[in-house]
Amino acid sequence: MMDSPKELPKQPSTTCLPTSIISIGELQYLVAANSVASFDRPNIGIISSPSTPLPITIIEVDSSTSITGAWLKGLIEKWLGLDDVFSIAFVENVVFQIAHSDKGLLGAAPQVDRDVSEAFSSLEGWSWHFWESNEKLASGPYFLWGSELRQAYRLHPDVCGAFVHGCIPSNEDPLSFSRIPTDLIPVPSRLYTPAPTPEKPLSGKRLAIKDIYDVRGLRTGAGCKSYEAIQSPADRNATAVQELVDKGAVIVGKTKTVQFASGMSPRDWVDYQCPFNPRGDGFLDTDCSSSGSGAAIAAYDWLDCAIGSDTLGSMVGPASACGVFGLRPTQGSISSLGGLPVSTILDTPGNFSRGIDDLMKLASGWGKLSSVDESIDVSISLLIISVLKYHQYLPKRVLIPSGRSENYAFSKFVLFDSFLQDVERSTTIKFAEIDMECVWRLCGPLIITDKKLDDYLATTVAHIQLHDCYRNNLKFQSDFKEKHGYEPHVDPLIRYKWDLGSKLTDDDYKQACTEKAIFAQVLNDHVMTPGTILLLPGGDEDVSYRDEYSGDLESQGQKWQGFGFMNTAFSVLGGGPSLSFPIGQRLYKSKISGRDEYQPVSMWALGAIGTDLSLMKFVKHVLQARGPEYLKVKTGKALY
């Protein structure tokens with residue numbers, strides 16, 4: 001534990017807390033445990049107490065740098081605008097780093113104009129120094145602790161309770177991660193990372209990971225404390241996570257999930273509290289298992305992107321509820337290896353962003369649509385390959401399934417209709433309604449088309465995921481019981497779900513998989529052909545609050561199991577990409593605040609297998625025509 005706090009040369013003061021957490025004014029920081037360099041020369045002129053980290057700024061210079069008051073002030077102002085870690089407290093001690101060249105030669109010190117000290121005379125105790133360094137450090141904020149130079153992490157409060165915990169690179173292994181002993185979320189300085197390149201398009205992008213995916217050094221919890229208790233720290237990142245890290249993304253923490261990536265209402269959560277939706281009155285439902293990632297993106301400017309997963313709609317659901325962009329990619333295009341499975345034939349990783357450009361940037365550097373891994377059905381992979389040459393983002397036709405928006409609140413329906421008009425104006429394509437029941441009768445196998453489509457698919461999705469989820473968690477249940485002598489505690493809705501799954505036979509499962517394959521063939525051959533986009537209303541039909549609960553466990557639990565032909569079934573069973581995107585917001589009378597508040601309104605765009613990027617480009621095209629403000633949403637109560 002550190003000694004009692006000591007005062008900095010100027011206010012605000014630095015307060016030292018346990019585990020190298022300090023406060024500078026109202027901001028809190030984590031001092032990295034490992035040093036990145038040492039001030040081993042006595043002529044630096046900065047004295048730091050071994051017990052109190054001193055904030056300093058490192059600026060890399062060479063002999064050609066013209067250090068003037070205007071130049072330095074401009075640089076500081078630029079950094080203050082770019083980086084939430086950097087603050088004026090770090091400017092009190094500025095160190096100009098003269099690094100060795102690639103040839104090992106030390107460069108000459110540049111000239112420093114007299115007006116530099118005058119420009120910062122208002123900062124009491126301000127000083128600057130030269131430092132001849134063997135290490136080439138990134139410019140930015142650091143802490144000097146004794147003679148050791150350490151990186152600074154800003155600690156942000158998780159006011160919406162979206163995270164399980166934050167993490168930073170491990171002391172022993174920089175490729176591994178350690179959980180920090182606080183509910184604050186650490187983020188590194190954006191100045192530490194170089195600008196994006198074609199090889200590192202996500203350089204410096206802060207990334208949150210749904211807690212069903214392995215992160216090296218961390219235990220995967222899957223929303224269940226009993227599950228986490230018997231897990232060992234992961235020895236590698238999940239494949240989907242590693243691909244983003246390789247592209248330059250920076251992991252900052254793991255987000256909450258419904259237990260075992262299932263579906264349930266906020267009031268069904270037991271081990272953890274359901275994340276809060278920052279939109280509207282703050283008490284809207286966040287919807288489905290990826291709610292932590294969706295809420296985090298909607299709430300925090302300091303977070304750039306987040307990974308979720310989708311089995312029955314857990315990407316598009318939270319994206320709609322939280323008013324952000326969310327992609328369920330083509331089934332099998334991104335590996336689920338290293339993720340806790342619900343059903344390997346339905347699961348896929350997905351990503352959330354506040355802007356369509358950021359969503360595309362992450363997706364275009366993620367996975368390989370042409371590759372076949374262990375999770376791809378052969379039939380799907382062949383279809384992926386067959387459409388790889390389709391690059392036009394403007395579709396040949398836009399379809400609207402009939403009867404899918406009838407029960408939505410009128411103010412939502414008005415926004416849906418407004419967006420459809422924007423589609424026609426911006427693409428000159430007239431949208432057409434499609435009757436899926438008619439398609440089924442005309443194009444489905446004759447032997448089964450005497451059965452209505454809704455009846456044919458009444459149990460298909462539910463039986464697949466219930467069967468798989470129960471069997472995928474049998475080992476966990478037996479391992480926990482063997483270690484502790486009793487059954488693991490899981491949320492009541494999960495116990496209900498596993499009970500349903502235990503009653504399904506292998507024949508029930510095979511029948512459901514056959515139903516899936518037949519429907520997918522009809523859908524992809526006759527509806528979701530290359531060049532087709534299907535538009536659906538997204539989100540709840542009206543306002544849904546986090547404190548609402550209707551019916552007993554069984555009636556409420558049925559809702560989350562995938563029974564019936566839901567809007568999500570098009571992509572879940574068909575395998576194509578589904579994109580949830582905000583089209584506006586509408587006023588509602590809040591029962592919480594008693595005032596008019598804004599609720600996000602979203603739509604879903606579905607594309608043919610393998611047309612993920614074309615789908616996103618189409619949505620961007622229409623949103624751009626609708627108004628540039630629709631390309632990116634803000635954090636907080638309102639989208640715009």
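Q: Is Phe-90 buried or exposed?
A: Phe-90 counts as buried, at 0% relative accessibility, where buried means under 20% relative accessible area, exposed over 50%, and partly exposed in between (1.4 Å probe, protein chains only). This is a predicted model, in which local features need pLDDT of at least 70 and side-chain atom pairs count only at pLDDT 80 or more, while totals for chains, interfaces and linings use all residues. Residues are numbered from 1 along each chain as its sequence is written, and side-chain values use heavy atoms, with hydrogens and water left out.

Q: How many aromatic pairs are there in the whole structure?
A: A search of the whole structure finds 26 aromatic pairs, where rings of Phe, Tyr and Trp (its six-membered ring) pair if their centres lie within 6.5 Å, and planes under 30 degrees apart count as stacked, over 60 as edge-to-face and the rest as tilted. One of them joins Tyr-29 and Phe-90 edge-to-face, at 5.4 Å centre to centre with 75° between the planes.

Q: Where do Tyr-29 and Phe-90 sit in the chain?
A: Tyr-29 is in strand 3 (residues 27-38), and Phe-90 is in the loop between helix 1 (69-82) and strand 5 (93-99), 61 residues apart. Helices (H or I, at least four residues) and strands (E, at least two) are DSSP runs, numbered from the N terminus. Tyr-29 is buried too, with a relative accessible area of 0%.

Q: And which residues do ring pairs link into a cluster?
A: The cluster holds Tyr-227, Phe-260, Phe-476, Phe-480, Tyr-486 and Trp-498, and both Phe-260 and Trp-498 are buried.

Q: Switching to helices, at what angle do helix 7 and helix 18 pack?
A: Helix 7 (residues 356-364) and helix 18 (residues 612-626) pack at about 170°, with their axes 10 Å apart; axes are lines fitted to C-alpha atoms, for helices over the stretch in contact, and angles run from 0 to 180 degrees between N-to-C directions. Helix 7 and helix 18 are therefore roughly antiparallel to each other, since angles under 35 degrees count as roughly parallel, over 145 as roughly antiparallel, 65 to 115 as roughly perpendicular and the rest as oblique.

Q: What about helix 12 and helix 15?
A: Helix 12 (residues 460-472) and helix 15 (residues 506-526) pack at an angle of about 130°, with their axes 8 Å apart, which makes helix 12 oblique to helix 15.
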